[in-house]
Amino acid sequence: MKITDGVYAYIWKGVFENNCNMYYFGEPLNILFDPGLKHHMDLRFDAMKKDGIDPEKIKYVVNTHSHPDHFEGSEYFMKKSIPIAMHKDEIQFINEVGPQFFAMMGMTLPKFNFDIVLEEGPWKVGDIELEIFHTPGHSPGSVCIYWREKKVMVCGDLVFKESVGRVDFPGGSAARLKESIEKISNLDIEYLLPGHMDYIIGARDVKKNFDLIKRYIFSQI
């Protein structure tokens, strides 16, 4: 679904299986964010085609973090030699605990390689500059990706609508999650695109969501 020029959202509506939302920045970026579970890629591609997007034109895949419901589908793109990006701390994390963490979910860690190692700061893709924010808490190397020109933030499992990412998985930290939320909450965001539940549109509603989280949820984590 197109939510603004060049930005598309594919919200997971499934009830019986956990999977993440997937997002896409169109031409000329052609970046896919968080492909999710690999056995649902055909459904995701069908949705993209309905929006007039050719999945064969995907140039990059960016993972906000390495949890299976976000990352596993990256294996499909690795086999097609499409560059895969992840933060350096998350790459270290998956190297250390990936097999055990995937096993916790009854899954096998895919063979992986990362062509792009993300760090906090500007990320130039062609003539367009995106910004990478390292936002640990849900996982050690979680990132948010900010397209300042369009006021769009892909935030992974940092925050949701009236909720936040869980911190009880390996590598999670409530203190770091709160610090990460504080870091991005003052940015000029018109479109907040989380890893689960619905996205939030409108700077006023985005701010209201951050304020609610800080006021009512921070004390519970």
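This is a predicted model: local features need pLDDT of at least 70, side-chain atom pairs count only at pLDDT 80 or more; totals for chains, interfaces and linings use all residues.
Mentor: Residues are numbered from 1 along each chain as its sequence is written, and side-chain values use heavy atoms, with hydrogens and water left out.

Trainee: What makes Y8 and Y24 an aromatic pair, and why is the pair called tilted?

Mentor: Rings of Phe, Tyr and Trp (its six-membered ring) pair if their centres lie within 6.5 Å, and planes under 30 degrees apart count as stacked, over 60 as edge-to-face and the rest as tilted. The ring centres of Y8 and Y24 are 6.5 Å apart and their planes stand at 50°, so the pair is tilted. A search of the whole structure finds 13 aromatic pairs.

Trainee: How do you know that the pair of Y8 and Y24 ties together parts that are apart in sequence?

Mentor: Helices (H or I, at least four residues) and strands (E, at least two) are DSSP runs, numbered from the N terminus. Y8 belongs to strand β2 (residues 7-10) and Y24 to strand β3 (residues 22-25), so the pair links parts that are 16 residues apart in sequence.

Trainee: Why is the pair of F45 and F77 called edge-to-face?

Mentor: The planes of F45 and F77 are at 85° and their centres at 6.1 Å, and an angle over 60 degrees is what edge-to-face requires. F45 is in helix α1 (residues 41-50) and F77 in helix α3 (residues 74-79), so this pair joins parts that are 32 residues apart in sequence.

Trainee: How do you know whether F45 and F77 are buried or exposed?

Mentor: Buried means under 20% relative accessible area, exposed over 50%, and partly exposed in between (1.4 Å probe, protein chains only). F45 has 9% relative accessibility, so it counts as buried, and F77 has 1%, so F77 is buried as well.

Trainee: Which residues line the largest cavity, and what makes a space a cavity?

Mentor: On a 1 Å grid over the protein atoms alone, a cavity is a set of points where a 1.4 Å probe fits but cannot get out, and lining residues have an atom within 4 Å of a point. The largest cavity is lined by F45, P55, E56, Y76, F77, K80 and I82, and it holds about 30 Å³ of space, where a volume is the space filled by probe spheres set on the points, joined across faces, edges and corners. A search of the whole structure finds one cavity of 30 Å³ or more.

Trainee: Why is the charged end of K150 said to sit over the ring of W147?

Mentor: A charge sits over a ring if NZ of Lys or CZ of Arg is within 6 Å of the ring centre and within 35 degrees of the ring normal. The charged end of K150 is 5.2 Å from the centre of the W147 ring, and R166 lies over the face of F169, at 4.1 Å from the ring centre.

Trainee: What makes a set of residues a nonpolar core, and which residues have the most contacts inside the largest one?

Mentor: A nonpolar core is a set of buried Ala, Val, Leu, Ile, Met, Phe, Trp, Tyr and Cys residues joined through side-chain atoms within 4.5 Å. The largest nonpolar core has 26 residues, and those with the most contacts inside it are F25, I31, W123, L130 and L193. Apart from it lies another core, of 22 residues, including Y10, Y24, M78 and M86.

Trainee: Why does N30 count as buried, and what does N30 touch?

Mentor: The relative accessibility of N30 is 2%, so N30 counts as buried. Contact means heavy atoms within 4.5 Å, and N30, which is placed in the loop between β3 and β4 (31-33), touches Y24, F25, K57, I58, K59 and Y60, not counting residues up to four places away in sequence.

Trainee: Why is E120 called partly exposed?

Mentor: E120 has 44% relative accessibility, so it counts as partly exposed. E120 lies in the loop between β7 (116-118) and β8 (121-125).

Note on methods
On a 1 Å grid over the protein atoms alone, a cavity is a set of points where a 1.4 Å probe fits but cannot get out, and a pocket is an open set with protein on both sides within 12 Å along at least five of seven lines; lining residues have an atom within 4 Å of a point.
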